[in-house]
Amino acid sequence: MNRLESKHPRAIRWMHWINVPVLGIMIWSGLMIYWANDVYDLNLAVVSFHFFPDWSYKALHLDFRLAEGMAWHFTFMWFFALNGICYVLYTFISGEWRQLLPNRHTPREAWHVVLHDLKLRKTPLPRAKFNGAQRLAYTGVILMGAGSLVTGLAIYKPIQFAWLTSLLGGYAWARGEHFALTIGYVLFFIIHIAQVIRAGWNNFRAMVTGHELVPVEGKSHA
């Protein structure tokens, strides 16, 4: 027998879903800006791998749209920043941070989750709002968001925020860090979607309606 149990507050759900299109637009517009100075590649011995070949910009219609990309990016960065600040403030004011931030048991719990997902350990995961792996991942992505804002300011206003740009290692380093964080978002998104699909509809419904079905343990009779 199952019962509906409250899991995610409305504010958390709203800010989660608002962030999906906002972050998508930030990455899309960021690629338009990146097209103007595509400097990164990966050198493996004599083989050089370019992150975005010229044909990819043409296929996605991202080439020759620098001004448009900057307009979108600099507009939606405010939504990204405000949504992130509201999320952090809400988690601390509501006390949600207690279930989100890692604790001394988190590394061991996260390792248990990895072994369980790889079918190497059959012991069921303890019931909790967030397991150890989720605590590390979700806290990490919040820190990544803060890093994106800091590095973004450093390359957006390198003269006005010269001290910040210098603190990050200079303009080139700040730009590289901003790019690396973007790659991190994409990897997080892929893993997150895969885990949501793996967890099934019940887990997805919790982020849509705020409730999930949980089994009710029946009482044993002598």
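**Exercise 1. Determine the handedness with which H1 passes H3, and the relative direction of the two helices.**

Solution. Helix H1 passes helix H3 in a left-handed crossing, a term for a near helix turned anticlockwise from the far one by less than a right angle. Helices here are DSSP runs (H or I, at least four residues), and strands are runs of E of at least two, numbered from the N terminus. The model is predicted: local features need pLDDT of at least 70, side-chain atom pairs count only at pLDDT 80 or more, and totals for chains, interfaces and linings use all residues. Residues are numbered from 1 along each chain as its sequence is written, and side-chain values use heavy atoms, with hydrogens and water left out.

Next, the angle: H1 and H3 pack at about 150°, with axes 8 Å apart. Axes are lines fitted to C-alpha atoms over the stretch in contact, and angles run from 0 to 180 degrees between N-to-C directions. H1 is therefore roughly antiparallel to H3 (over 145 degrees).

Finally, the contact of H1 with H3 has 22 nonpolar, seven polar and one charged residues. Ala, Val, Leu, Ile, Met, Phe, Trp, Tyr, Cys and Pro count as nonpolar, Asp, Glu, Lys and Arg as charged, and the others, Gly among them, as polar.

**Exercise 2. Describe how H1 packs against H9.**

Solution. Helix H1 (residues 10-35) and helix H9 (residues 201-209) pack at an angle of about 100°, with their axes 7 Å apart. The two are therefore roughly perpendicular (65 to 115 degrees). Arg13, His16 and Trp17 of H1 meet Phe204, Ala206, Met207, Val208 and Thr209 of H9; contact means heavy atoms within 4.5 Å.

**Exercise 3. Decide whether Lys7 and His61 are buried or exposed.**

Solution. Buried means under 20% relative accessible area, exposed over 50%, and partly exposed in between (1.4 Å probe, protein chains only). Lys7, in the loop between strand E1 (2-6) and H1, has 15% relative accessibility and so counts as buried. His61, in the loop between helix H2 (54-59) and H3, has 55% and so counts as exposed.

How values were computed:
Parallel < 35°, antiparallel > 145°, perpendicular 65-115°, else oblique.
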